[in-house]
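Please read this briefing alongside the sequence and the 3D view.

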Amino acid sequence: MILEALIGFTFLAALVVLLAPNAWAGRLAFALSAVPFVGSLYLWSRFDAVGNALTGGTIAFESRYEWIEVGGRTVSWFVGLDGISLPLVVLTTFLVPLAILSAWTPVDSRQSQFYGLMLFMEANLLGVFTALDFFLWFVFWEAVLVPMYFLIGIWGGPRRKYAAIKFFVYTNAASLLMFIGFMSLTFALGDSIGSLALPEITQAIADGGLETWFGISPGRMAMVAFLATFAGFAVKVPIVPFHTWLPDAHVEAPTPVSVLLAGVLLKMGTYALLRFNFTMLPEQASALAVPIAAIAVISVIYGAMLALAQKDLKRIVAYSSVSSMGYVILGLVVFTEYGVGGATFQMVAHGLISGLMFMAVGVVYNATHTRMVGDMAGMADRMPVTVGILVAGAFGYMGLPLMAGFAGEFFIFVGAFGAPALPYAPVFTALAMFGIVIVAGYLLSAMQKTLFGPFRLETDYEVGPAPFHDVAPLAVLLAAIIVLGVAPDVFFEMIRDAAMPVVEGVSVDV
Amino acid sequence: MSSVTPAWTALSPALLLGLTGLALLLVDTIRPNERSNTSMAVVSALGALASLSVTVWFVVAGTGHADTGGAITLLEGAVKVDTLALFFTAIFASVTALVVVAAHDYFHDHQNPAAFYSLTLFAATGMALLAVANSLAVVFVALEMVSLPSYALVAFLKKNRGSVEAGLKYFLVGALSSAVFLFGISLVYAATGSLVFGEVASAVESLDALAGVAGIGIVMIVGGVAFKTASVPFHFWAPEAYEGAPAPVSAFLSSASKAAGFVVAFRVFTEAFPLGASVAAGIDWALAFAAVAAVTMTLGNFAAAVQEEVKRMLAYSSIGHAGYALIGLAALSTGSAGNEAVMGAAMAHLLVYGFMNTGAFLFVAMAERWGIGRTFEDYAGLARRAPVACTAMAVFMFSLAGLPPFAGFFSKYFLFMGAIENGFLWLAGLGAVNSVVSLYYYSRVVRAMFLDDPATPSALDAIDVRPTALYAAVVFAAVATVLLLPGFGPVIDAAEAAAAALF
């Protein structure tokens with residue numbers, strides 16, 4: 001019942017905040033959002049899952065109640081955690097209070113609605129990462145879109161309406177494609193499944209339960225389903241060439257929303273890829289290993305090049321997400337213990353680091369009202385703490401050892417380099433590693449131009465240090481990044497435990 | 001329960017509606033000076049709710065269910081109370097209750113609102129009778145009983161040119177389609193020698209030389225049904241009538257009256273002209289409905305996408321939804337085990353639609369009450385002045401579009417899945433494409449309310465009016481639309497059980 005309590009409490013908190021007066025909605029939301037975080041720490045302390053939830057492992061905090069029946073198949077409220085979902089649940093409950101804190105300065109209208117929507121989104125995100133029934137999962141998945149649409153569209157920058165609608169249309173069309181792909185897969189499974197529970201579907205596919213459906217042979221059906229779901233999730237991740245909604249959404253979104261967008265929402269895509277494509281249909285995934293790896297490498301390099309060309313700090317961070325997500329895809333497709341485990345670890349690490357970067361850029365923006373690299377210089381003199389953390393975050397992004405980003409990328413590269421499942425693995429890995437150099441290049445040059453040297457910004461007010469409630473979340477995030485970098489095992493052990501069965505799902509003939 | 005109470009009590013949902021209407025008319029006649037808008041609205045709402053409670057009680061108690069002795073037939077088989085009838089009566093009673101509550105505020109300054117309440121309740125009575133009709137004669141009488149008050153309701157704002165014109169158009173098309181329908185019935189009678197569904201069905205099996213006559217009759221009956229459900233090609237009246245009518249009436253017509261058309265369609269075509277026998281006689285009405293459904297949903301959705309007025313957009317989208325619900329008939333195939341599922345899904349969709357569509361039109365009623373105009377632009381920035389009502393409207397819009405967190409997703413999902421299971425992949429695919437189109441125009445409303453800025457700072461000043469009853473009705477419909485998602489299990493179970501009664 002504890003997962004229900006967690007999700008239910010968050011929904012309730014959203015409602016309470018929505019009805020609270022604007023004056024103290026922010027404080028109330030922060031206080032209430034601390035509860036799910038404590039709850040997720042409790043989950044962590046009592047976590048006892050073994051293996052992967054989809055491949056017959058023991059599921060922690062499992063609960064399952066029948067909901068409705070459709071076409072002879074049961075749809076149930078089925079939630080639970082394994083080593084892949086728990087870190088993402090903790091990441092979500094950890095980032096939301098910090099994002100709420102970082103919203104106190106920039107959000108100055110309709111506060112109760114803003115914080116209410118943030119909490120509503122958190123509740124649905126928790127649902128996405130815990131649901132183990134396809135139907136339930138999809139309901140949560142789509143429900144995330146609605147608050148995001150309003151958060152960007154109401155509180156965003158000048159082109160907010162365009163960005164909000166683009167986000168909504170892109171990701172919704174992607175969801176539909178994914179939905180159709182997945183549903184046709186379940187139709188092709190025929191009578192071999194009695195419910196839409198993910199473990200059961202995974203098992204049925206592994207047992208060869210696919211039948212000919214509407215004249216489409218099982219093998220082709222699985223491939224079509226794989227491509228449709230892959231394309232659907234690729235938009236969410238996003239991978240080149242489906243990434244064009246992301247910079248618009250990020251640049252227009254207010255800072256705290258960008259934090260959740262990059263920190264958690266993009267992980268929905270990679271999480272779903274791991275769960276659906278790579279765990280359920282491993283044969284199709286390895287058959288397409290080379291093109292997928294190529295897309296991953298292109299995302300890494302192209303995303304980094306796009307970031308290199310930007311003048312807007314926020315856009316730079318946004319594009320670098322495309323790059324980082326490329327690493328995750330590469331880690332997934334190599335099907336090794338360290339590849340899949342590292343990819344999952346990188347999801348968490350990138351969630352923290354990109355969250356930190358967006359937040360820090362936001363704090364600088366609050367002080368200067370510009371994000372353009374050419375407009376400001378010497379910010380380090382005026383807000384030394386913020387700038388210090390920003391630089392540390394940038395180093396984390398570049399993969400400096402002892403920071404979370406290094407651990408994630410290192411695992412992925414180790415896993416990818418000698419991967420037996422991926423032809424030309426060393427070539428792909430080496431090319432992807434080259435991305436790090438570009439990342440270091442653009443981050444260092446942007447930092448150099450904006451942060452150091454003599455202060456140069458014409459404003460009619462004093463630019464000074466940021467208030468405590470702006471800097472505190474940055475410090476907390478940085479601490480978390482360092483902790484994960486120094487001791488990746490706090491998560492990596494459980495991730496590896498859940499990733500191993502995925503890897504074993506692919507039999508490689510070398 | 002039929003063992004202890006007289007059988008006619010099975011008709012009490014319809015009787016309660018009718019008696020309430022009569023009581024209102026009586027009070028209005030005897031004491032015209034003492035009627036008050038509020039007491040009229042309260043009495044009609046209580047009447048509708050009483051009818052709803054009895055219906056729900058019957059459903060729970062299993063009246064007319066196969067487990068408790070099966071359907072209750074009255075008047076020599078001309079009337080039959082079964083689970084299907086009760087399911088639809090629940091839709092009619094809920095929508096009626098919402099509409100009369102909302103009307104209280106809408107007609108706050110109207111000279112003589114009493115007629116509105118009694119006409120609405122009489123129309124609702126006709127719908128409840130349609131649901132239990134088991135003979136083509138009863139169907140026709142009940143259909144007219146729905147239609148005649150509806151013509152008057154559309155033209156209710158007699159000083160408003162649009163309202164009167166819409167009433168006239170509705171009346172003319174309605175009279176034509178009634179004539180067509182009646183002629184169709186007479187042809188069927190000529191061919192089969194009976195009007196009671198069961199007897200017609202057995203006669204259809206042995207049609208020989210008269211198959212052609214019966215076929216033409218059936219096609220004409222399809223036409224009559226298409227009129228009532230606002231389906232192509234008898235849909236022309238709908239946008240005009242919905243737009244011109246007072247908004248609560250539009251809600252009533254597009255939700256309850258449409259559902260009434262569907263209960264006739266579902267019952268007549270499965271019980272009087274069973275698909276197997278009809279096809280054997282050379283009459284494949286499922287094919288006809290497949291074509292009507294495909295054209296209706298496509299035309300409705302694409303026409304809705306180009307509208308500039310919210311009410312007119314809702315009117316066209318209502319045509320689109322008629323197309324979805326028609327899948328319930330179109331995707332039937334002889335002897336298929338999935339027939340119950342797809343028809344049950346269509347019925348569940350109509351139930352959910354009853355709440356979300358009524359709610360949407362009632363929101364339009366609220367906008368009319370505020371006097372802020374009708375186009376998308378007029379709704380700009382509304383969420384800042386009326387956040388609760390706009391949130392409710394956003395729920396209706398997303399639910400109508402079929403987005404997952406809301407009940408409309410489930411009902412569409414079940415409908416399309418049922419069609420696929422029955423082998424109608426193309427129909428489900430067309431429905432899905434239409435749903436994507438619909439997301440475009442539904443989200444325009446949400447965008448205007450939440451994201452756009454009002455054209456002038458004073459554009460929204462009129463909103464200081466707070467119509468309490470309208471608010472209550474809109475919020476209630478929104479809550480129902482949300483809660484129907486987790487509570488969809490009982491709904492679909494009841495709908496499938498009701499559909500099972502047909503096969």
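## Where the two chains meet

About 2,700 Å² is buried between chain B and chain A, and carbon and sulfur atoms give 77% of that area. Buried area here is the accessible area, found with a 1.4 Å probe, that two parts lose on being put together, summed over both. This is a predicted model, in which local features need pLDDT of at least 70 and side-chain atom pairs count only at pLDDT 80 or more, while totals for chains, interfaces and linings use all residues. Residues are numbered from 1 along each chain as its sequence is written, chains are lettered from A and ligands numbered from 1 in the order in which they are written, and side-chain values use heavy atoms, with hydrogens and water left out.

**The interface**

- The contact (heavy atoms within 4.5 Å) takes 30 residues from chain A and 31 residues from chain B.
- Across this interface the rule finds 1 salt bridge, a term for a side-chain nitrogen of Lys or Arg within 4 Å of a carboxyl oxygen of Asp or Glu.
- Asp452(B) forms a salt bridge with Lys161(A), with the closest N and O atoms 3.2 Å apart.
- The elements that give two or more residues to the side of chain B that touches chain A are helix 15 (382-385), helix 16 (387-401), helix 17 (407-421), helix 18 (425-451) and helix 20 (488-500) of chain B.
- Helices are DSSP runs of H or I with at least four residues, numbered from the N terminus.
- Helix 18 of chain B gives the most to that side, with 8 residues.
- The residues of the side of chain B that touches chain A divide into 23 nonpolar, 3 polar and 5 charged; Ala, Val, Leu, Ile, Met, Phe, Trp, Tyr, Cys and Pro count as nonpolar, Asp, Glu, Lys and Arg as charged, and the others, Gly among them, as polar.

**The nonpolar core**

- A nonpolar core is a set of buried Ala, Val, Leu, Ile, Met, Phe, Trp, Tyr and Cys residues joined through side-chain atoms within 4.5 Å.
- Buried means under 20% relative accessible area, exposed over 50%, and partly exposed in between (1.4 Å probe, protein chains only).
- The largest nonpolar core has 424 residues, and those touching the most other members are Phe134(A), Trp137(A), Phe88(B), Phe266(B), Phe269(B), Phe273(B) and Tyr379(B).
- Helix 14 (residues 339-370) of chain B gives the most to this core, with 21 residues.
- Apart from its neighbours within four places in sequence, Phe88(B) is in contact with residues including Ala131(B), Val263(B), Phe266(B) and Met347(B).

**Buried places in chain A**

- Helix 5 (residues 134-143) of chain A is largely enclosed by the rest of the structure, because 10 of its 10 residues are buried.
- Among the buried residues of helix 5 of chain A are Phe134(A), Trp137(A), Trp141(A) and Glu142(A).
- Asp133(A) caps the N-terminal end of helix 5 of chain A, where a side-chain oxygen lies 2.9 Å from the backbone nitrogen of Phe135(A).
- Ile239(A) sits in the loop between helix 9 (218-236) and helix 10 (245-252) of chain A, and Ile239(A) is buried, with a relative accessible area of 2%.
- Thr279(A) belongs to helix 11 (residues 255-280) of chain A and counts as buried at 7% relative accessibility.
- The side chain of Thr279(A) reaches the backbone oxygen of Leu274(A) at 2.6 Å.

**Salt bridges within the chains**

- Side chains of opposite charge can pair when their charged atoms come close.
- Over all chains, the count comes to 22 salt bridges.
- Asp248(A) and Lys166(A) meet in a salt bridge at 2.8 Å, N to O.
- Asp248(A) lies in helix 10 of chain A and Lys166(A) in helix 7 (residues 160-189) of chain A, so the pair ties together parts that are 82 residues apart in sequence.
- Both Asp248(A) and Lys166(A) are buried.
- Glu240(B) forms a salt bridge with Arg312(B), the closest N and O atoms being 3.5 Å apart.
- Glu240(B) lies in helix 9 (residues 237-244) of chain B and Arg312(B) in helix 13 (residues 310-330) of chain B, so this pair ties together parts that are 72 residues apart in sequence.
- Glu240(B) is partly exposed at 26% relative accessible area, whereas Arg312(B) counts as buried at 17%.

Terms used: Polar contact = N/O pair within 3.5 Å; in protein donor to acceptor, adjacent residues only side chain to side chain.
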